[in-house]
Amino acid sequence: MTTLNQTRNQTRLPVQAQLWLRSVSDKLTARNLAGAARQLLLPAIGILLFLGFWHLAAPQVQTSLGAFPGPAQVLEQSGQLWQEHSDQRDRAAKFVTMQEQRNERILADNPDAEVRIRSYPGAPTFFDQIVTSLGTVLAGFVLATLIAVPLGIIIGLNRHFSAAVNPLIQIFKPVSPLAWLPLVTMVVSATYVSDDPMFEKSFLTSMITVTLCSLWPTLINTSVGVAAVNPDLLNVSKVLQLSFWTHVRRVVLPSSIPMIFTGLRVSLGIAWMVLIAAEMLAQSPGLGKFVWDEFQNGSSQSLSRIMVAVLAIGFIGFLLDRIMLLVQKKVAWNE
Amino acid sequence: MSKPHLELTNVQMAFDTPGGPFIALENVDLKIRKGEFVSLIGHSGCGKSTVLNIVAGLLQASRGGCVLDGHEVNTPGPERAVVFQNHSLMPWLTVYQNVELAVQQVFRKSMSKAERRDWILHNLNLVNMGHALDKRPGEISGGMAQRVGIARALAMKPSVLLMDEPFGALDALTRAHLQDSLMEIQQDLNSTVIMITHDVDEAVLLSDRIVMMTNGPAATVGEELHIKLPRPRNRVALADHPEYVHYRQAVLSFLYEKQSFPAKHTPPRDTSGADNNADETDAAASTFAVHTAPSGRTTQARPAEENA
């Protein structure tokens with residue numbers, strides 16, 4: 001029956017379509033199916049088993065806020081959080097239109113009147129906090145990259161400089177964000193004094209803490225990558241008498257890109273972890289604050305809502321790493 | 001002989017090792033005319049590459065020095081282009097871009113963009129690599145990559161072309177083709193070439209002069225052999241030319257009788273196969289060199305594996 005269909009198809013379809021059909025049928029071999037199963041089926045089984053275990057084990061754990069939430073409660077709370085978010089959005093939209101209407105009325109009565117435009121004063125929702133956290137982590141990570149890559153190149157190029165700063169790197173690298181945070185807070189408060197601040201102080205504190213903790217992997221990987229450029233290629237560069245900048249741009253940097261990206265991916269992972277901790281401790285807006293507020297709130301739904309945040313943090317961290325991987329594939333020559 | 005184009009005078013090269021200085025070269029004197037093709041031949045570890053690196057400016061002689069056209073050589077430069085033992089192409093650049101990097105650097109001011117493009121393509125076609133312009137070095141064979149390395153060096157229009165065993169990694173046919181191309185190019189451009197080789201036939205076929213080096217440590221120029229075969233040379237016609245056979249014999253005799261270690265004083269069994277075995281013999285020579293000083297020399301220095 002299938003052969004009959006295929007022959008009929010082949011007589012009717014244009015060549016392109018026939019080729020496509022053949023390639024599809026080639027792909028549907030047993031081995032490819034097994035590969036697809038390994039890629040999709042096994043992870044799905046793993047997740048299902050985990051959910052089942054979670055579902056059974058969670059009610060056994062009793063806390064002062066009730067039983068530990070299972071997958072069903074967490075799913076319900078994530079819907080709830082989305083609902084709160086869209087309600088909040090509606091109220092904000094209404095607030096804005098009412099304000100505009102009122103201002104128009106005032107201006108119609110008296111064109112010279114000063115009108116005030118206030119932003120909506122409602123509390124940030126879970127999704128607002130995600131956006132805040134993402135903004136902070138990206139700012140901190142970009143700042144860390146801007147410091148770590150050039151510094152790493154200098155360290156990698158210059159043995160003497162490397163020897164001079166190596167002990168500092170070794171000492172500062174393992175410092176926890178929680179140790180930096182009070183210092184950063186105090187320094188930011190003392191130095192960032194402005195009547196019309198461009199950034200919130202809390203944003204700066206979180207961002208700088210993230211930078212301080214996440215720049216080390218990029219710094220170390222960059223310096224190692226730069227120091228490990230193939231000596232033959234360095235000789236080529238010498239014979240060509242490349243200027244310092246051309247040498248860095250055309251030889252050193254491309255050669256160490258794979259190492260730099262490995263460092264960047266580790267840095268971004270650390271940045272995300274550090275940020276949540278910093279936000280919790282400093283009470284600066286973001287996912288960390290959401291978790292802390294829910295914890296302080298102590299309602300019967302708090303644990304479920306925190307669990308939603310935990311899963312969201314994990315999922316976002318995973319997505320960030322995937323995005324870095326995509327960028328790496330675009331940029332690096334060895335991918 | 002006209003005024004030397006390139007002159008090495010009384011060159012000594014000492015490397016610092018944990019066991020004290022290791023003298024790789026001692027009293028190396030070499031005068032090379034413009035347009036001359038000189039081959040350096042000798043057993044592994046005899047400092048051939050060190051000589052080449054000193055001329056390239058990548059190494060500084062501990063004593064003595066190198067003068068090119070009246071200027072002392074202290075730093076590397078594109079007028080002394082080097083073809084490295086392994087191709088040394090930038091793996092992130094395509095074949096075209098690798099040559100372009102060199103051409104841009106050397107002819108940025110003197111050539112228009114279109115001229116540079118033609119010049120890059122001309123050199124790549126010269127080594128038969130015009131078909132793989134957009135391939136990365138990782139996507140082509142080692143022999144092809146080496147051809148691109150040669151094209152890159154030629155594209156710098158060097159006044160001295162330095163080649164460190166340039167054809168060692170190539171198959172016999174490609175090697176023959178490239179040797180012929182190199183002979184043609186060298187005659188057209190009248191460029192001076194210093195080539196390190198292990199291949200006796202290659203040395204005789206290509207060179208105006210073969211410089212044979214004694215075994216290290218403290219290696220120096222042992223004998224020089226002027227090859228007075230008429231050019232253009234044809235490998236097929238030369239194969240049983242009596243002069244050619246004579247030159248070949250002289251090099252083999254230097255390498256395997258005069259500079260061989262005492263245990264190997266017997267003449268080579270089969271001279272026709274000698275060049276095929278050159279690398280093998282070479283490896284053996286370097287292994288044994290640890291135990292034996294070169295004939296007529298005694299040495300206190302630890303004959304460490306020289307990293308030249």
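Predicted model: local features only at pLDDT ≥ 70, side-chain atom pairs only at ≥ 80, totals over all residues.
Colleague: Let us start with chain B. How many helices and strands does chain B have?

Modeller: Chain B has nine helices and 10 strands. It has 308 residues, and 44% of them count as buried.

Colleague: What do the contacts in chain B say about sequence separation?

Modeller: Take the contacts between residues at least 6 apart in sequence. In chain B, 72% of these join residues at least 24 apart.

Colleague: Which domains make up chain B?

Modeller: Domain 1 covers 1-79 + 164-308, and domain 2 covers 85-157.

Colleague: Now the contact between the chains. How is an interface usually sized?

Modeller: Often by the accessible area that is lost when the parts come together. Here I give residue counts instead. Chain B puts in 16 residues, and chain A puts in 13 residues.

Colleague: Which elements of chain B supply at least two residues each to the side that touches chain A?

Modeller: Strand 6 (80-83) and helix 2 (95-107) of chain B. Helix 2 of chain B gives the most, with three residues. The side of chain B that touches chain A has 12 nonpolar, four polar and no charged residues.

Colleague: Pick one residue to look at. Where does B:Met90 sit?

Modeller: B:Met90 is in the loop between strand 6 and helix 2 of chain B.

Colleague: Is B:Met90 buried or exposed?

Modeller: Count the C-beta atoms around the residue. The cut-off for buried is 20 or more within 10 Å. B:Met90 has 21 C-beta neighbours inside 10 Å, so B:Met90 counts as buried.

Colleague: Which residues is B:Met90 in contact with, neighbours within four places in sequence aside?

Modeller: A:Leu233 and A:Val251 in chain A, and B:Asn98 and B:Leu101 in chain B. Look at B:Pro137 too. It is 47 residues from B:Met90 along the chain, yet their C-alpha atoms are separated by 7.5 Å.

Colleague: On to chain A. What are the domains of chain A?

Modeller: Domain 1 is 1-28, domain 2 is 70-109 and domain 3 is 126-331. The C-alpha centres of domain 1 and domain 3 of chain A lie 52 Å apart.

Colleague: How do I read a helix pair? At what angle do helix 7 and helix 8 of chain A cross?

Modeller: Read the distance and the angle between the axes. Helix 7 (residues 177-191) and helix 8 (residues 201-227) of chain A come within 9 Å and cross at roughly 135°. Helix 7 and helix 8 of chain A are therefore oblique to each other. Helix 7 of chain A passes helix 8 of chain A in a right-handed crossing. The contact has nine nonpolar, four polar and one charged residues.

Colleague: Which residues meet there?

Modeller: From helix 7 of chain A, they include A:Trp180, A:Leu181 and A:Val184. From helix 8 of chain A, they include A:Leu204, A:Ile208 and A:Leu212.

Colleague: How do helix 8 and helix 10 of chain A pack?

Modeller: At an angle of about 155°, with axes 7 Å apart; helix 10 of chain A spans residues 244-282. The cut-off for roughly antiparallel is over 145 degrees. Helix 8 and helix 10 of chain A are therefore roughly antiparallel to each other. Their crossing is right-handed. This contact has 18 nonpolar, 13 polar and one charged residues.

Colleague: Last, the backbone. Which residues does a cis peptide bond join?

Modeller: B:Arg231 and B:Pro232, with omega about -5°. B:Pro232 lies in the loop between strand 10 (221-226) and helix 7 (235-238) of chain B.

Colleague: What is the phi of B:Asn10?

Modeller: B:Asn10 has a positive phi of about 50°, although it is not a glycine. B:Asn10 is in strand 1 of chain B, residues 6-17. With 12 other C-beta atoms within 10 Å, B:Asn10 is exposed.

Colleague: And what is the phi of B:Ala218?

Modeller: Also positive, about 55°, and B:Ala218 is not a glycine. B:Ala218 is in the loop between strand 9 (209-213) and strand 10 of chain B. B:Ala218 has 22 other C-beta atoms within 10 Å, so B:Ala218 is buried.

Methods: Residues numbered from 1 in each chain as written. Chains lettered and ligands numbered in written order. Axes fitted to C-alpha atoms, helices over the stretch in contact; angles between N-to-C directions. Helix = DSSP H or I, 4+ residues; strand = E, 2+ residues; numbered from the N terminus. Parallel < 35°, antiparallel > 145°, perpendicular 65-115°, else oblique. Left-handed = near helix turned anticlockwise from the far one by under 90°. Contact = placed C-beta atoms within 7 Å. Nonpolar A, V, L, I, M, F, W, Y, C, P; charged D, E, K, R; others polar. Domains from an automatic or database assignment.
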